[in-house]
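Subject: Structure handover

Hi,

Here is the structure for you to look through. My notes follow below it.

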Amino acid sequence: LVHSDHCAKKLLPWFDGMLEADEAFFAKHGEPLFSSHMLDLSEEPDVENIEICQKYLKRMAPMKQILEMEIGITGGVEDGVDNSGVSKEKLYSTPEDIFAVYEGLQPISERFMIAAAFGNVHGVYKPGNVKLRPELLEEFQNYAAEKTGISKPYFFVFHGGSGSEKHEIATALGAGVAKMNVDTDTQWAYW
């Protein structure tokens with residue numbers, strides 16, 4: 001599994017180049033260079049975010065690649081984006097937000113993951129300073145199950161996982177988290 005991470009809108013030309021390389025390699029060898037790519041268009045309006053993800057998932061689907069997309073705001077600072085001052089309510093996606101992603105991407109391919117916001121924060125923070133609510137992921141799954149008749153239709157990504165408590169991780173995994181980012185913890189291990 002080879003994955004590219006966090007491509008913002010200003011970097012879409014770079015993303016196009018990676019997909020062109022994937023397509024060329026796929027044409028010759030029957031598999032792409034990358035297994036998955038992540039678009040971080042969370043700074044954009046949700047409708048635009050989903051529309052751009054649709055465009056790229058259509059290109060990725062024939063190569064059986066996975067698209068990771070982010071909806072909502074992850075707090076803290078990452079890649080020059082400072083969300084440390086946003087209101088706490090904005091750190092939580094809604095069931096409707098997540099279902100809109102599903103409705104937009106599922107008809108194209110089932111190979112996508114959603115980085116939903118559930119109080120996640122990039123970087124280091126004191127326990128108790130952040131109100132991580134991984135139980136929201138289960139609520140999102142239940143909402144979608146009622147709409148689709150499919151139990152746990154979402155694959156989630158846990159952004160800002162560094163410093164999380166074991167019970168929070170277990171709750172997130174039980175609610176469909178398939179990938180967890182622990183960049184800060186990894187960096188601290190080498191500092």
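At what angle do helix H1 (residues 12-29) and H2 pack, and how far apart are their axes? The angle is about 15 degrees, and the axes are 11 Å apart. Axes here are lines fitted to C-alpha atoms, for helices over the stretch in contact, and angles run from 0 to 180 degrees between N-to-C directions. H1 is therefore roughly parallel to H2. (Angles under 35 degrees count as roughly parallel, over 145 as roughly antiparallel, 65 to 115 as roughly perpendicular and the rest as oblique.)

Some ground rules. This is a predicted model: local features need pLDDT of at least 70, side-chain atom pairs count only at pLDDT 80 or more, and totals for chains, interfaces and linings use all residues. Residues are numbered from 1 along each chain as its sequence is written, and side-chain values use heavy atoms, with hydrogens and water left out.

Overall layout
The chain has 6 helices and 8 strands. Both are DSSP runs numbered from the N terminus: helices are H or I with at least four residues, strands are E with at least two. From the N terminus, the order is β-α-β-α-β-β-β-α-β-α-β-α-β-α. Of the 191 residues, 45% count as buried. (Buried means under 20% relative accessible area, exposed over 50%, partly exposed in between, with a 1.4 Å probe and protein chains only.) Among contacts between residues at least 6 apart in sequence, 66% join residues at least 24 apart. Contact means heavy atoms within 4.5 Å.

H1 and H2
Their crossing is left-handed. (That is, the near helix is turned anticlockwise from the far one by less than a right angle; clockwise is right-handed.) From H1, Leu12, Phe15, Asp16, Leu19, Glu20 and Glu23 meet Ile52, Tyr56, Arg59 and Met60 of H2. By class, this contact has 6 nonpolar, no polar and 4 charged residues. (Ala, Val, Leu, Ile, Met, Phe, Trp, Tyr, Cys and Pro count as nonpolar, Asp, Glu, Lys and Arg as charged, and the others, Gly among them, as polar.)

H2 and H3
The axes of H2 (residues 46-60) and H3 (residues 95-105) come within 9 Å and cross at roughly 30 degrees. These two helices are therefore roughly parallel as well. H2 passes H3 in a right-handed crossing. H2 brings Asp46, Ile50, Cys53, Gln54 and Leu57 to the contact; H3 brings Asp97, Ala100, Val101, Gly104 and Leu105. The classes are 6 nonpolar, 2 polar and 2 charged.

Buried residues of H3 are Ile98, Phe99, Val101, Tyr102, Gly104 and Leu105. They pack against H2, strand E3 (66-71), strand E6 (112-116), helix H4 (135-148) and strand E7 (156-158).

Single residues
Ser42 sits in the loop between strand E2 (36-39) and H2. Ser42 is buried, at 18% relative accessible area. Leaving aside neighbours within four places in sequence, Ser42 is in contact with Asn49, Glu70 and Gly72.

Most residues other than glycine have a negative phi. Lys64, in the loop between H2 and E3, has a positive phi near 60 degrees. Lys64 is exposed, at 54%. Lys152, in the loop between H4 and E7, has a positive phi near 50 degrees. Lys152 is partly exposed, at 38%.

Best wishes
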